[in-house]
Amino acid sequence: MSSTDLTNIAQALVANGKGILAADETVPTVTKRLDAQNIVSTPDSRRTYREMFFTTPAIAEFISGVIMQDETIHQRSSTGIAMADVLAPQGILPGIKVDNGAKPLAGSPDEKITEGLDGLRERLKAYRDIGARFAKWRAVITVSDTLPSATCVIANAHALARYAALCQESDIVPIVEPEVLMDGSHTIERCEEVTGEVLHAVFNALFEQKIFLEGMLLKPNMVISGKECNKQASVEEVARATLRCLRRHVPAAVPGIVFLSGGQDHLAATRHLSAINQLEGPKPWKLSFSYGRALQDEALKAWRGTDQNLKAGQQAFYHRAKCDSAAALGLYGKAMESASART
Ligand code: 13P
C-alpha cells in the first residue's frame with residue numbers, strides 16, 4: 001500500500017454525508033450499557049447487539065466505517081460470516097480500537113495515560129490480515145482548575161503519535177483521539193483553552209514523528225461546557241468555539257475531523273454537528289461524526305435484548321444515522337425528528 005491508499009481510505013471515511021459508528025466499547029463498558037437495559041452480557045448477546053447495527057438495511061448510505069473491538073472483530077455473525085466481512089461488502093470500512101485503555105498516570109494519580117504500544121506493530125499486522133483498514137487510539141484528558149498537567153498532555157500526545165506512526169507503517173489509517181472530558185464544572189472557555197493546548201501538543205508530536213497528515217483523521221471532543229457547569233453554552237456558542245479552536249490548531253492537510261459524542265445526548269450531538277457545519281468561513285477539513293453512545297443509545301433502548309425488537313432497534317439506528325448524516329452536511333433540522341419523517 002502507499003500514501004495514496006492511506007489518503008483514499010481517510011477520505012472515504014469522511015465522504016460527503018458519511019460518518020463512523022464507534023462500536024468499540026470494551027467488554028466491561030458494553031456490559032454496563034447492556035446491564036442498564038437488563039440485558040445479560042455474554043459473548044453471544046454482545047455479538048447480536050453489534051450485528052444489529054452492522055446489518056441494518058441500507059445503513060451504508062450514512063455510515064462509512066465501523067470501529068470494532070478485539071472480541072467483535074474475531075466473532076462470526078449469526079450466519080457464520082466474520083464481522084469484517086459483514087461490513088466490507090456493504091462498502092463499510094472495518095476499523096479496530098487498538099489501545100489497551102487509559103491507566104493512572106504515574107506521578108499524577110488524578111490523570112490517565114493510554115497504554116498499548118508494546119507489541120502494537122504485531123497486533124496491527126494481525127488486524128490488517130483479518131480486514132481492518134483503520135484504527136483508533138483514545139487519550140483521555142481531565143479538566144479542573146489545575147489540570148491537565150503538562151506531563152499528562154505531553155505523554156499522551158507522544159503515545160498518540162507513536163501509535164499513528166505504527167499504523168501508517170502497517171498501511172492502516174490512524175484515528176487520533178485526544179478526548180478532553182466533559183466531566184466537571186469547567187466553563188466552555190476553559191474547555192476551549194485546554195482543547196487548544198492539547199491539539200497543539202498532539203500535532204507537534206505528530207509532526208515530530210513524521211505522520212502523513214493526509215492519511216489520518218482527528219477525533220476530538222467538541223468545545224463545550226463541563227457537565228456540571230452552571231452556565232451551559234448554547235448550540236451556537238458550542239459551534240463557534242469548536243470551529244475557532246479547530247481552525248487555530250488543526251492543519252488543513254488533515255482530511256477529516258470526526259467528533260466523539262462524549263456523553264452529550266443524541267439530539268445535542270446532532271444539533272452541534274449541524275451548527276458547526278452551517279458556520280460561514282473556511283473549513284478545510286470534512287467535519288463529521290464518530291459517535292458511540294449518541295448513535296447507539298436509542299437503538300439499544302428500542303431493542304431491549306429481544307429478537308422481536310431487533311427491527312425496531314435497526315429502525316432507531318437508521319434514523320439517528322440519517323440525522324447525523326444530514327448534520328455532517330449542515331442540513332439537519334428539527335423536522336427530521338417528527339414521526340412522519342421517520343417512516
Ligand atoms: P462516544 O461518542 O460515546 O463518546 O464514543 C466515542 C468513542 O469512540 C470514545 O472513544
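Leaving out residues up to four places away in sequence, F54 touches L21, A23, V66, M68, T72, M83, V86, L87 and Q90, where contact means heavy atoms within 4.5 Å. The model is a predicted one, in which local features need pLDDT of at least 70 and side-chain atom pairs count only at pLDDT 80 or more, while totals for chains, interfaces and linings use all residues. Residues are numbered from 1 along each chain as its sequence is written, and side-chain values use heavy atoms, with hydrogens and water left out.

**Nonpolar cores**

- F54 and I63 touch the most other members among the 98 residues of the largest nonpolar core.
- A second, separate core has 14 residues, including V14, I67, L93 and V173.
- A nonpolar core is a set of buried Ala, Val, Leu, Ile, Met, Phe, Trp, Tyr and Cys residues joined through side-chain atoms within 4.5 Å; buried means under 20% relative accessible area, exposed over 50%, and partly exposed in between (1.4 Å probe, protein chains only).
- In soluble globular proteins, nonpolar side chains tend to be buried together.

**Helix 8 and helix 9**

- Helix 8 (residues 188-208) packs with helix 9 (residues 235-249) at an angle of about 25°, and their axes are 9 Å apart.
- Axes are lines fitted to C-alpha atoms, for helices over the stretch in contact, and angles run from 0 to 180 degrees between N-to-C directions; helices (H or I, at least four residues) and strands (E, at least two) are DSSP runs, numbered from the N terminus.
- Helix 8 and helix 9 are therefore roughly parallel to each other, on a scale where angles under 35 degrees count as roughly parallel, over 145 as roughly antiparallel, 65 to 115 as roughly perpendicular and the rest as oblique.
- Helix 8 contributes I188, E192, T195, G196, L199, H200 and F203 to the contact, and helix 9 contributes E237, V238, A241, R244, C245, L246, R248 and H249.
- Seven nonpolar, four polar and four charged residues make up the contact of helix 8 with helix 9; Ala, Val, Leu, Ile, Met, Phe, Trp, Tyr, Cys and Pro count as nonpolar, Asp, Glu, Lys and Arg as charged, and the others, Gly among them, as polar.

**Helix 3 and helix 12**

- The axes of helix 3 and helix 12 (residues 310-328) cross at roughly 50° and come within 9 Å, which makes helix 3 oblique to helix 12.
- E51, M52 and F53 of helix 3 meet L310, G313, Q314 and F317 of helix 12 in this contact.
- The contact of helix 3 with helix 12 has four nonpolar residues, two polar and one charged.

**Backbone features in loops**

- L147 and P148 are joined by a cis peptide bond with omega of about 10°, and P148 lies in the loop between strand 6 (134-141) and helix 7 (150-169).
- A58, in the loop between helix 3 (43-54) and strand 2 (63-68), has a phi near 65°, a positive value in a residue other than glycine.
- A58 is partly exposed, with a relative accessible area of 42%.
- K210, in the loop between helix 8 and strand 8 (217-218), has a phi near 60°, again a positive value in a residue other than glycine.
- K210 counts as exposed, at 72% relative accessibility.

**The loop position of E228**

- E228 is in the loop between strand 8 and helix 9 and counts as exposed, at 52% relative accessibility.
- Apart from neighbours within four places in sequence, E228 is in contact with D183, G184 and S185.
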